[in-house]
Amino acid sequence: MTLFAKNRVSRPLFGSNTPLRWPLFGAPALVGTLLVGLLVTLSACTVSSPGSAATQRLPTTTQSPAFDPAVAKQKLALAPTQIMIFGLDHLDTAPASFQVAWLEPVLCRLRGYKPDLILTEALSGEQVMGLEAYAAYHGDAGKYAGPTLQMAQAAQADLHLTAAQALVQANELSQKGDLSPAQRRRLAGLFVAAAEPLSAAVQWLRLPVDERIGADGISPALAKQVTRWASLRNEMSSMAARLAADLGLERVYGAGDHLSDVTQPDFPAFKAAVTAEPGQVALFNHNTPAFQAVPEEARQMATAADVLPILKWKNSPRFGELDADAQWLSMLRSEKMGRVGRQRVAAWEAQNLRMAVAIREATASRPGERALLIVGAGHKPFLEAYLRTFTDVELVSVPALLEAKPAGCPD
């Protein structure tokens, strides 16, 4: 994501029924003497004021931590879980000339990776409904997932189910395997009601074209909307849903997050801080010599020949390093950005941490299997840094995948 671009209650020491017995301390006079001594000692102490250096700066840990979860990787009884973070610029911002068919060399390689589960940057249905339930705090959920919410509410009314009930039924049905067309339509309707339209699109893509009709729990109006979702020109539909259907998976998982948006700074104050820092907008927009030195950086996916080189660059360690520094670390170095910049970076880190948690939860019941997250390239270096700390995760190289030339895959 590019900014300014196109886009415990403690129990008392003595319980209420515990009598205070003097023999515990000695005679009452001795207790008095002890209390006086304690008060004298306390009065001699220097109490730091809230703003003093003693309260602000405590000794920091400079040695390596005694416990590192990632060390557990060396002692796994089962194979580690493989996770691939595939970063890209969002396809809905690609030039008008971009064609989804140009993604086939990439999709062919991803089919060869054979992920057992696929995640996207879309919000999970649980988060969509949670944002709606807490609209007074988070704001209107419609600004994050308006069509998803509208479709979910319509399907919930049709099926007389809540989103949670629909998700439970969808999970049960999706585990049966070898579903009939009628069952797939039913499953698609349940996913819509659960605010998971991309998973509904997976079911739609697995149906023969003439079976993609409104029946068996999905209305004709919602069937048309799911058809539209299945053909959207974005990476969630054109890549994730398509790939899931090709691999015989029943659904995709939403790993996106907007709960952390409440921690973002006031936008006018943030904009003013950015304006006050010379060169900050240029950094956000990659308008710097470091980026301009890379041929792929300025290119758009305007031709089929652009796709693989650009995606190799967006998934390279060098791009992740430069992008994280330009968009985020630069704000930490800026005195003019100050607290506002720190707050914006904190919100970004919180967002990526929640996304890492979503990946962890989705893969928890599938140890040793393969996962794929398709996500905006700016998230990739942060997500990979967090995932490296997990006990049984192994990151898979996207550049190596794209450099490979598997038999049957076009260049």
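Student: In this predicted model, which residue forms a salt bridge with D325?

Tutor: Working from the predicted coordinates, one looks for a partner of opposite charge, since side chains of opposite charge can pair when their charged atoms come close. For D325 the closest N and O atoms of the pair are 2.8 Å apart, and D325 counts as partly exposed because its relative accessibility is 28%. The partner is exposed, with a relative accessible area of 54%, and that partner is R333.

Student: R299 forms a salt bridge with D306; is D306 buried or exposed?

Tutor: The closest N and O atoms of R299 and D306 are 2.6 Å apart, and R299, at 32% relative accessibility, counts as partly exposed. A residue is called buried under 20% relative accessible area. D306 has a relative accessible area of 10%, and therefore D306 is buried.

Student: By about how much of a helix are E384 and K380 separated in α18?

Tutor: The side chains of E384 and K380 meet in a salt bridge, with an N to O distance of 2.8 Å, and both residues are buried. An α-helix has 3.6 residues a turn, so residues three or four places apart point the same way. Because E384 and K380 are 4 residues apart in helix α18, which covers residues 380-387, their separation is about one helical turn.

Student: On which residue is the kink in α6 centred?

Tutor: A straight helix of 18 residues would span 26 Å, whereas helix α6 (residues 142-159) spans only 22 Å between its end C-alpha atoms. The helix has a kink of about 45°, and the buried residues of α6 include G146, L149 and M151.

Student: What accessible area do Y134, Y137 and V262 have together?

Tutor: Y134 lies in the loop between α4 and α5 (135-138), and Y134 counts as exposed because its relative accessibility is 55%. Together with Y137 and V262, Y134 forms a nonpolar patch on the surface, and the accessible area of the three comes to about 350 Å².

How values were computed. Residues numbered from 1 in each chain as written. Predicted model: local features only at pLDDT ≥ 70, side-chain atom pairs only at ≥ 80, totals over all residues. Heavy atoms only, no water. Helix = DSSP H or I, 4+ residues; strand = E, 2+ residues; numbered from the N terminus. Expected span 1.5 Å × (residues − 1). Bend = angle between axes of the 7 residues up to and from the residue. Buried < 20%, exposed > 50% of the residue type's maximum accessible area, 1.4 Å probe, protein only. Patch = residues over 30% accessible without salt bridge, like charges linked within 9 Å, V, L, I, M, F, W, Y side chains within 5 Å. Areas by Shrake-Rupley, 256 points an atom, 1.4 Å probe, with all protein chains shown as cover. Salt bridge = Lys/Arg side-chain N within 4 Å of Asp/Glu carboxyl O.
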